[in-house]
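Subject: Structure for you to look through

Dear colleague,

Here is the structure I promised to pass on to you. Please open it beside this message and keep the sequence at hand while you read.

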Amino acid sequence: MTSIPQDLRSVLRQIRKAPAFALMVVATMALGIGSTTAVFSLVDTVLLHPLPFSQPDRLVALNTLEQPRGNSGEPATAPSDTSYPNFFDWRDQAKSFQQMASYQGQSFTLGLSNAPARRIDGLGVSADFFTMLRVAPALGRTFTRAEEQAGNRSVIISYSLWRDAFNASPAVLGKAVLLNEETYTIVGVMPASFQFPNAPDAEVWVTPSVAMEGKNPSGKQRGWNQISVLGRLADGVGIDQARAEMQTIQLALVKQYPDDNSKETAVAVVPELQDLVGDLRRPLRILFAAVSFLLLIACANVAGLFLTRTVARQPELALRSALGASRLRIVRQLMLESLSLSLLGGAGGVALTAVVLRLSPNLLPDDLPRLHELSLNPQVLLFALLASILTGLLFTAFPAWRGCRLDPAIGLRHSTRSATAGRSQHRLHSALIIGETAMSLVLLVGAGLLIRSFDKLLSVDPGFSPQHLLTFRVGMPSKRFRDDKLLRLAQQLQSSFSVLPGVRDATFAYPMPLTGGDMNISFTIPTHPTSAAEAPSARVSLVAANFFQSMQIPLRRGRFFDTREEQPDSPPAIIINQAFANRYFPGEDPLGKRVQSDISSSDQPQSREVVGVVGNVTRLSLEESAQPEYYIPFAQVPIGPPVFAIRVAGDPASYDQTVRATVVRQDPSLPVYAMRTNLLARSTAQQRFQTLLISIFATLAILLSALGLYAVTSYMVAQRTLELGLRMTLGARRWDVLRLVLDRGLVLCATGLALGLVASVALSRYLATLLFHTPALDPITFSMTTLLLLAISTLSCLIPAVRAARLDPNQALRQE
Amino acid sequence: MINIRNLARSYKTGHTESFVLRRIQLQIRAGEFVTIMGPSGAGKSSLLQVLAMLDDHWHGEFTFEDRAVHTMTRKQRAEVARQRIGMVFQSYHLLDDLTVAENIDLPLSYKDISRSNRQALVADTLDRFSIVGKKDLYPSQLSGGQQQLVGIARAVIHNPSLLLADEPTGNLHSAQAAEIMQLFRKLNEQGTTIVQVTHSETNAAFGTRTIELRDGWITRDTANPMLHAVQETTA
């Protein structure tokens, strides 16, 4: 052990002696380890890291499984939210849970005396929410069940809001705060560390009391499925047991309330983490597999470099061996060298990860769960350390083995140019290149498929023109703006926006396509009567009269809404989309037919005349197929704060301040929020992220494997200088030499491509679920990526091949 | 066959120019067996490289079989060498990855000869050199003498008019060396012109003419006893 310092000094000397080699190894490993660690940190945060609550494995999510109404024939598998009445029944009847709590995302206009009104996120939660999560407030208390009742206005605020708006005053409890122009009393402050992963930006928590108020309160409608439910399993109760109990309870509720619960025939009970991560599990695993390939390619490259270097050092190692160095000592020295460089590479990788994590808010889709937890934590650092050590051992194993098996007599006698001595190195080098090429092709095919898929997604016609469109919301407190007042404000704002310089058109809708909102309301068609339980439902939008012209949605039959439908008391009208017409009026002319929607400003549903049929519009995602949808004039049912859309000349982003100033002129207390200039970007964010990341990995992989092929071919040329010179002496022309070198490189490359194609065929099916209208075995992608890699590999071999062809045979023979 | 006039070869090392061949005047007739001798650094191997047309950086006139090599391009010289010259090396220079038969076939593989003709020529050569039994062996499985035998077989398979040998027995013991030299004599008797470089007087005795080089000058030529006197006169 006393010789370790000596070996370490030798390592330093070797690095000084060949700084370019050391730099190349460190840079390659930094790239490989850095990329892998960055993706691992994402996988760790989203998939592996337990939820930040006590006994997180006992937390489960409860969703109803829906059987679509009517005779649509769709399967009953889509998990969905439930209603307050169902939740209260679950909470009262289920014995499998210590606590059960509901939550619902809400947004509020926060009014403070010392700052302009702003829009903040919040959650409406049932009383046991914090108890269930085992989180105690930093100040004050959590909610009581009594506070769930109508009329209550208690609020718990976040640590940041307490710090910023109330100067972290301990006397904040009992103080009033204005939310949606209503006075709420602060009863608690959550600790700084508390963030609920499903709503990490929430700044306030209120009870469902508001939902229990009014003439026909949503919180008392069993069909109003808008809340999410979490539960903490009771001690000794397994998830299957809880699922069975919930199934029994739900079936009883279906029997008890057949009109409202006929669709929700089952309850899905799944671990909360699984519910939170949802369908991200597969893309994240694929990303991790892709980046692992990149790391392996980097390792193969570095192994090739080490092998070359060990061969070059054979005389030195032979001398050491002849002077008495044991095999163990030689192996140890070689391992110390590679581990030192690998750890340096790992340090570089951690630095690269830190940079990537710093940039991650701009790179990652903002709907990725637990993004706020992403950090360079001890697990991530441990991963980087282990990756450095393992890769260091991996790429040094064979060179060290060769180094220790060297016969000192042979090592000292032969030059490194002996073709016989190099045969095993050739084989290993060849294996490394074949492996690198194969893995690069797998990555390239993956990237190619995602790019093709992304391209197809981008070419989807959303059914309206998203160009030069700016959408935004205006905070309209429901206390002040209901029914006619809400309609008047919306129409006044629309008029103000439409006369702004550069604005071509202004409209509004509730909800607006591709802005995240969706509303499904049941309806009946008098000419096709069904029971209440069997009534079909479809998407509905409440729109301004000029909505279709402004959004450039094509008219298929009949007419658009016009000035008649701007009045609340105009004859009830409805416009349906093509998918609605096809499904519910097959082979009929829907114009003039009546549809009775359950959405209404009065207590009773109104029968409406179909006045037009319009084209289909994608509402939530470009990937969705055309869904039946109907439109009702906003003026006839002004029940929700609409989203505004203005079509402008030039860049929509430049209208930000103009719009805000216009709203302030109308009413300074109304905040403008959720401003978006590119409706398609949000819908394609996740695909864009996956495609970008795998494309980056594939590009790096190609570069690394091209560099590897270049290095190995150059090394081969250098090793075979004598042979090439001899061949030229024996009559080989320059072309023969060029072909000889090129052939060897291309045979390796072709073998790698063949293996890569087989692997790609086997692995691409795992990508199938991420692809949009692109087959996993897309022949164009497979052929183009193979040709691309072949071209790049040929180029990598060509440079050393040309150098070989220019060899002076006389000089080459003198190197004997 | 070979006519060299005023040939000089030098290397630049920094600002100085070192001559390895100086004003070489040499005629070699077809059918001669010439031995080039001299101490290390005298220019023997350099002269052999020029004759093998592997070196282009010389000055002077060089005619080979009535063709002016000094006016040829690199490509033309390579073509002449490929067709008419064979080389034998001190270290044999067999390719380790190829069998004996494949090594012998190597010069033919760079000519436009059909595969069947090449196979026939290789079979003839293996038979001629009595190494048929070793055709599938690799060089590492042969003795030094056997390796050089293969080297010579490879050098003559395309029936060159000129065979150049650089210390062909330098790595062999005396019995093997004698066998190789007998083989050279036999080839010479069959019409091949041979130029060998050697330090060995014994090997030189197998030849018909000896040329001695010192410091880049031809200082002795058994075919031209008056050479020294002529040089002194011209000097």
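Predicted model: local features only at pLDDT ≥ 70, side-chain atom pairs only at ≥ 80, totals over all residues.

Strands here are DSSP runs of E that hold at least two residues, and they are numbered from the N terminus.

Is Val269(A) buried or exposed? A residue counts as buried if 20 or more other C-beta atoms lie within 10 Å of its own, and because Val269(A) has 25 other C-beta atoms within 10 Å, it is buried. If residues up to four places away in sequence are left aside, Val269(A) touches Val60(A), Leu62(A), Ile239(A), Ala242(A), Arg243(A) and Met246(A). Leu47(A) is 222 residues away from Val269(A) along the chain, and the C-alpha atoms of these two residues are separated by 18 Å.

Chain A as a whole

Chain A contains 23 helices and 22 strands, and its C-alpha trace spans about 105 × 60 × 55 Å along the principal axes. Of the 816 residues in chain A, 45% are buried. When contacts in chain A between residues at least 6 apart in sequence are considered, 83% of them join residues at least 24 apart.

Some annotation for chain A comes from UniProt, where an unreviewed entry places the feature "transmembrane region" at several spans, among them residues 21-43 and residues 780-802. In the model, residues 21-43 of chain A are 100% helix and 0% strand, with 33 Å between the end C-alpha atoms. Residues 780-802 of chain A are likewise 100% helix and 0% strand, and their end C-alpha atoms lie 32 Å apart. The unreviewed UniProt entry also places the feature "domain: ABC3 transporter permease C-terminal" at residues 290-408 and 696-809 of chain A. Over residues 696-809 of chain A, the model is 81% helix and 0% strand, and the end C-alpha atoms of that span are 43 Å apart.

Chain B as a whole

Chain B has 8 helices and 10 strands. Its radius of gyration is 18 Å, close to the 18 Å that the globule rule gives for 235 residues, and chain B is therefore as compact as a globular protein of that length. The C-alpha atoms of chain B fill a box of roughly 55 × 40 × 40 Å along the principal axes, and 41% of its 235 residues are buried. Among the contacts in chain B with a separation of 6 or more, 69% are between residues 24 or more positions apart.

A sheet in chain B

How many strands does the open sheet with the order E2-E1-E4-E5 in chain B have? The sheet has 4 strands, and their pairing is antiparallel. Its edge strands are E2 and E5 (67-68) of chain B, each of which pairs on one side only.

Strand E1 (residues 2-13) of chain B is joined by 6 bridges to strand E4 (residues 58-64) of chain B, and the two run antiparallel. E1(B) also pairs in the antiparallel sense with strand E2 (residues 16-28) of chain B, in this case over 9 bridges. You can follow both pairings from Ile2(B), which stands opposite Phe64(B) in E4(B) and opposite Ile28(B) in E2(B). Further along, Ser10(B) has Phe19(B) in E2(B) as its bridge partner. The hairpin of E1(B) and E2(B) has 2 residues between the strands, and Gly14(B) takes a positive phi near 70° in that hairpin.

Between the two chains, 16 residues of chain B are in contact with 13 residues of chain A. On the side of chain B that touches chain A, the elements that give two or more residues are helix H2 (74-84) and helix H3 (100-109) of chain B. By class, that side of chain B has 7 nonpolar, 4 polar and 5 charged residues.

For the complex, the predictor gives an ipTM of 0.75 and a pTM of 0.73. The mean pLDDT of chain B is 89, and 97% of its residues reach 70 or more. Among the elements of chain B, the lowest mean pLDDT, 56, belongs to helix H8 (residues 227-234), while the highest, 96, belongs to strand E3 (residues 33-37).

With best wishes

Technical notes. Residues numbered from 1 in each chain as written. Chains lettered and ligands numbered in written order. Rg over C-alpha atoms; globule rule 2.2 N^0.38 Å. Buried ≥ 20, exposed ≤ 12 C-beta atoms within 10 Å, placed from the backbone. Contact = placed C-beta atoms within 7 Å. Nonpolar A, V, L, I, M, F, W, Y, C, P; charged D, E, K, R; others polar. pLDDT = per-residue confidence, 0-100. Pairing = 2+ DSSP bridges. UniProt positions renumbered as here; feature names shortened; annotations may be inferred.
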